[in-house]
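Hi everyone, thanks for coming. Please take a look at the sequence and the structure on the screen, and then I'll walk you through them.

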Amino acid sequence: MKVKSTSAKIGDWAFVILCVLVSIICILPMINLLARSLSATDALVKHEVYLWPKGWNISAYQMVLSDMKYIRAFVWTAILTVICTVVSLTMTTLCAYPLIFEKLKGRSAINIFITLTMFFNAGTIPNYLLMKSLHLMNTPWVLIIPGCMSVYNMIIMRSFFYGIPDSLRESAEIDGASFFRILLSIYLPLSKPVLATLALFYAVGRWNGYSDALMYISNPDYYPLQLLLYNILNSINTVEVATQEGFSSPGLSEALKAAIVMFSTVPILMVYPWLQKYFIHGVTLGAVKE
């Protein structure tokens, strides 16, 4: 058994300490937010809440859960996230799979053309005019179609496909299997790690997205949860809107803001434990073979 040198052990410990510090930096704001959402209004006004609630109070959560505006936005965002994730994985797979075949005509040109889209973007105004000319404004499709595929994620999936032995595909071709049959029977079953990883990327991106809805959606029925949160937090300074949304007192407004943020953040955080075992495996295998 090989014994690590002293310098290697020091490096390992330094890396562990660094990871712990980064984890603490990431976790502390969430703990503070949770404490603020569960604290009494007077403690929030006096700025006495840090990492533990003072004067336990769940009225902010009662207001959020009793308001159908938040529930409707939550359900719509969950449905939208599932649809976007499925569509994005389908488009990413259908783009990555043909590019692993050397006999595909123009494969190099297609790869270059697709990669260039990572570095050049038309800009916000041309994208807005395009969505308007396609009559996608104020429709759910404007939140699904424009971002249905990420080139970066496609490259990860293509690289993962490269790592699958060609002998498996060639044996299936000898048996008369079609390209789609090979994809469904060989490549996709072997690609669970990268599929789970990309599904997490797409789901988190859609759940946290609000900028596209901010530009393209004016119908409140299609507001995702993050855009609703953005509008509420952005309009607190307006007295009329603040009163309408329940921000009648400074303490209650702080507790309600924290509760809304927790309400929109916790659900997507609960997805990570289910996909954690695939996450590192999928990213590393997809990133080192190119």
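**A first look at the model**

Let's begin with the surface: the protein has an accessible surface of about 17400 Å², and carbon and sulfur atoms account for 69% of that. Please keep in mind that this is a predicted model.

What is the chain built from? The protein has 15 helices and zero strands. Of its 290 residues, 36% are buried. If we take the contacts with a separation of 6 or more, 70% of them are between residues 24 or more positions apart.

Now, which helices shall we zoom in on? I picked α9, residues 179-190, and α10, residues 192-208. The two pack at an angle of about 70 degrees, and their axes are 5 Å apart. Angles from 65 to 115 degrees count as roughly perpendicular, so that is how α9 and α10 sit relative to each other. On the α9 side, the contact is made by L188, P189 and L190, while α10 brings K192, P193 and L195. Sorted by class, that contact has five nonpolar residues, one charged residue and no polar ones.

Finally, how confident is the predictor? The average pLDDT for the protein is 80, with 86% of the residues scoring at least 70. Confidence is highest in helix α4, residues 68-96, with a mean of 90, and lowest in helix α13, residues 239-245, with a mean of 45. Two stretches stay under 50: residues 238-248, with 18 contacts beyond four places in sequence, and residues 286-290, with 10 such contacts.

Technical notes:
Residues are numbered from 1 along each chain as its sequence is written. This is a predicted model: local features need pLDDT of at least 70, side-chain atom pairs count only at pLDDT 80 or more; totals for chains, interfaces and linings use all residues. Side-chain values use heavy atoms; hydrogens and water are left out. Axes are lines fitted to C-alpha atoms, for helices over the stretch in contact, and angles run from 0 to 180 degrees between N-to-C directions. Helices (H or I, at least four residues) and strands (E, at least two) are DSSP runs, numbered from the N terminus. Angles under 35 degrees count as roughly parallel, over 145 as roughly antiparallel, 65 to 115 as roughly perpendicular and the rest as oblique. Contact means heavy atoms within 4.5 Å. Ala, Val, Leu, Ile, Met, Phe, Trp, Tyr, Cys and Pro count as nonpolar, Asp, Glu, Lys and Arg as charged, and the others, Gly among them, as polar. pLDDT is the predictor's confidence in each residue, from 0 to 100. Buried means under 20% relative accessible area, exposed over 50%, partly exposed in between (1.4 Å probe, protein chains only). Accessible areas come from the Shrake-Rupley method with a 1.4 Å probe; for residues, only the protein chains shown count as cover.
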